[in-house]
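Hi there,

Here is the structure I promised to pass on.

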Amino acid sequence: MKRSLIMLLIFSIMLPSMAKAEQTDQQKLYEKRMDLYKKTEASTHIPWYYLAAIDQYERNLRYSRKDLPKPEGAIGIYFSPEVWSGPINPNKEDTNPFTVHSFGGFGLDGNGDGKADRLDDEDVIYTMAHFIETYGTNHENIKIALWDYYQRDKTVAIILGHMQIFKKFATLDLDRHAFPVPLRSNHSYKNTWGDRRGWGGRRTHEGTDIFANYGVPVRATSYGIVEIKGWNKFGGWRVGIRDLNNTYHYYAHLNGFAKELQVGQIVEPGTIIGSVGSSGYGPPGTAGKFPPHLHYGMYKDNGYTEWSFDPYPHLRAWERQERSRR
């Protein structure tokens, strides 16, 4: 018993120190990335926030897909060996800029060390920026370059959304979250992920229901950009927000929207976007078919498609984090 108490005391002392060290390491990583973005901006004239947006998008792809290697360096942009060294280059790990170019590879020497190394952060970010620079450095030309590279409208929209967020806040340190309703409000929730729903046909519940009184403020949980605002026959008055992790946050059954809320608006954790209601399950204006609550869903985009995942663990974590900041 005594030994257990001692171990618990040691752990309680070590935990804050470990969290502080982790936060310091993350801050240093942000600083390193920003240095790389700014250095590449100076040589290619592609604004740093476009580079940060592309890098952030690709980093999240690599964490959400099994066919891509997890990022190891500061930069998350990924070039396959074939794309980097050239599709018919017999040496897939070629770092010679001349032969890489001769075989039609993308890879470039971004730091002047005589190598075009796809595992070197400076070479990778410079190579992507140079590709974009060949189209031009204004917004419309960058948009065209992104479409030609990714061949997907949604990807271009997500990256440009990330860009606007980085440009507005002028920092990479945008990891803070908020619980979707005020902690002081009278609310309750449990894990309702996967429960059956019958209205409109048998389906599974893709989210967590947070029960609260009519009119309780609903808040953005993260930094993001409003993609959708309006009516959905299942969700009623709803808002969709895309964050910097390529995650779409779905707020449904609202009683109404915040007065100034608009599609394309940038939000931050705690921004009021609407209020709790019971709208949905019918044509526009239908309400009262169930008790007032917020349906909160999360959907991940992986560059090909989008799927829902359980938000409950995230809600619990954000609630704890917000309480600890008070």
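G256 has S275 in β10 as its bridge partner. That bridge belongs to an antiparallel pairing of β8 and β10, made over three bridges; two strands are said to pair if DSSP finds at least two bridges between them. S275 is also the bridge partner in β10 of P217. Strand β5 (residues 217-219) is joined to β10 by three bridges, and the two run antiparallel. Strand β10 covers residues 272-276, and four of its five residues are buried. Buried stands for under 20% relative accessible area, exposed for over 50%, and partly exposed for what lies in between (1.4 Å probe, protein chains only). Helices (H or I, at least four residues) and strands (E, at least two) are DSSP runs, numbered from the N terminus.

Before going further, two words on the source. This is a predicted model, where local features need pLDDT of at least 70 and side-chain atom pairs count only at pLDDT 80 or more, while totals for chains, interfaces and linings use all residues. Residues are numbered from 1 along each chain as its sequence is written, and side-chain values use heavy atoms, with hydrogens and water left out.

Back to β8, where nine of the 11 residues are buried. Strand β7 (residues 236-243) pairs with β8 in the antiparallel sense over five bridges, and W237 stands opposite L254 in β8. The hairpin of β7 and β8 has three residues between the strands, and N246 takes a positive phi near 60° there. β8 also pairs with β11, antiparallel and over six bridges; in that pairing Y248 stands opposite Y299 in β11.

While we are on backbone angles: most residues other than glycine have a negative phi. H45, which is not a glycine, has a positive phi of about 65°. H45 is found in the loop between α1 and α2 and counts as exposed, at 55% relative accessibility. Q151 is another non-glycine residue with a positive phi, near 55°, and its place is in the loop between α6 (139-150) and α7 (153-169).

Now the pocket, which may interest you. The largest pocket has a volume of about 1,300 Å³. On a 1 Å grid over the protein atoms alone, a pocket is an open set of points where a 1.4 Å probe fits, with protein on both sides within 12 Å along at least five of seven lines, and lining residues have an atom within 4 Å of a point. Grid points are joined across faces, edges and corners, and the volume is the space filled by probe spheres set on the points. The lining of the largest pocket has 40 residues, of which Q26, Y30, D175, R176 and H177 lie nearest its centre. Elements that give two or more residues to this lining are α1 (2-44), α2 (48-64), β8 (247-257), β11 (293-301) and α8 (312-325). The most comes from α1, with 10 residues. By type, the lining divides into 15 nonpolar, 14 polar and 11 charged residues. Here Ala, Val, Leu, Ile, Met, Phe, Trp, Tyr, Cys and Pro count as nonpolar, Asp, Glu, Lys and Arg as charged, and the others, Gly among them, as polar.

Which residues does E322 contact beyond its neighbours within four places in sequence? They are A178, F179, L183 and R219, where contact means heavy atoms within 4.5 Å. E322 is found in helix α8 and counts as buried, at 13% relative accessibility. The C-alpha atoms of E322 and A178 are separated by 6.3 Å, although the two are 144 residues apart along the chain.

F211, in strand β4 (residues 208-212), is partly exposed with a relative accessible area of 34%. Not counting residues up to four places away in sequence, F211 touches N186, H187, S188, P291, P292 and H293.

Finally, the totals. The secondary structure comes to eight helices and 12 strands, and 49% of the 326 residues count as buried. Of the contacts with a separation of 6 or more, 59% are between residues 24 or more positions apart.
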